[in-house]
Amino acid sequence: MSADIVLAPAQQGVRQTWIDQARWAAIILVVVGHGVGMLRAESGLALVVSNFVYMFHIPVLILLAGWGARRAQADGKTLSKVFWQLLVPYGIFQLIAFLTNYVLDGDQPSWKFTSQTFGLWFLVALAGWRLLAPWFRGLRFAVPIAVVVALLAGLSPAIDGFLSLSRILVFLPIFLAGPWIVDRVSEWRQDWRLRAAGAAVVGLGAVAALWLKKDFWRPPFLGNKGYEALDGGDFEGMLWRLVVLAVGTAMATGFMLMLPGRVGAPTRMGAWTARAGQHTMYPYLLHLPLLTVVGASSLLDAGSPTVRALLVIGAAVLFSALAVSRPVVLLIRPLVDPRGAWNALSSFKSGQR
């Protein structure tokens, strides 16, 4: 999600244009999914939308992140970028979460940075994938080996949110497959039949979410617990994990295929979404404390459940657009990208001399 490392900044070219647009669409999925998640127990629409989004919104982000980190090396430069662009913002927004929870709910801060507050696990996981990927790329069968690691990880009853270890191992195969899959999607998007097939895959997922409703078993799709915590045997847990990886990857691929967009983003909307896709860290990080505030208020209590769900979806899209606007980016950049903000300030001061 970061413009610089997580999903890589846009470069000149057709492929990078649609990838930036895909980043923007993916981050909207995140904000919408988290928003309607607050109404899951009250609204059937919110329940279906939430389940549908959770089937593939994490895999699509990971595929794009893996593509963005495809040329990363295991060196000091990479470690420095991971620290400044992922771990420092994580620490800042973890502190913001502690403060928000204390002010709104009176929760005493745990001061734990090894376990993440709501939604921040992704930054820690990205750091882990970013550091592991160069080593796995040296293996002949990197993705199959990573799948085996993902399956074995669930055998530990103690694996959970500690340093996001469970999710790092569970979704590592998708991160490693990101460069290959995204490059294939770049080619396949030129064929309308493949784009239609991608839309059909996503549509099947939507039908499944609508059909299952309350019977949809979401915990395996989160990837944050071992098999014992899922109340199933190890063999069943491994089968479910394979299903989650396969379904998530297929739907994420279909989602990227079906997205509209033409070569070079010739329309005003296409150009705007491509630019917005370079700043997705802003809606991602800013929506987390905002949802905490909304959840502690009475804003979600008025109106019918369906109307509230529709309003939340609309508000999520509007918020995501505002969060990537130039004024917000300039104002919040010291929190989201402190090193970049400092470098920009230093360059501005040098130019004034």
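A crossing is called left-handed if the near helix is turned anticlockwise from the far one by less than a right angle, and right-handed if clockwise. By that rule, H7 and H10 make a right-handed crossing. Helices here are DSSP runs (H or I, at least four residues), numbered from the N terminus. Before going further: this is a predicted model, where local features need pLDDT of at least 70, side-chain atom pairs count only at pLDDT 80 or more, and totals for chains, interfaces and linings use all residues. Residues are numbered from 1 along each chain as its sequence is written, and side-chain values use heavy atoms, with hydrogens and water left out.

Back to the pair. The axes of H7 (residues 165-188) and H10 (residues 234-258) come within 10 Å, crossing at roughly 30°. Axes are lines fitted to C-alpha atoms, for helices over the stretch in contact, with angles from 0 to 180 degrees between N-to-C directions. Angles under 35 degrees count as roughly parallel, so H7 and H10 are roughly parallel to each other.

Now for the backbone. Most residues other than glycine have a negative phi. Trp111, though, has a positive phi near 60°, and sits in the loop between H4 (76-105) and H5 (121-136). Is Trp111 buried or exposed? At 54% relative accessibility, Trp111 counts as exposed (buried is under 20% relative accessible area, exposed over 50%, partly exposed in between, with a 1.4 Å probe and protein chains only).

Lys213 also isn't a glycine, yet has a positive phi of about 50°. You'll find Lys213 in the loop between H8 (192-212) and H9 (219-222), partly exposed at 45%.

Notes
Helix = DSSP H or I, 4+ residues; strand = E, 2+ residues; numbered from the N terminus. Parallel < 35°, antiparallel > 145°, perpendicular 65-115°, else oblique.
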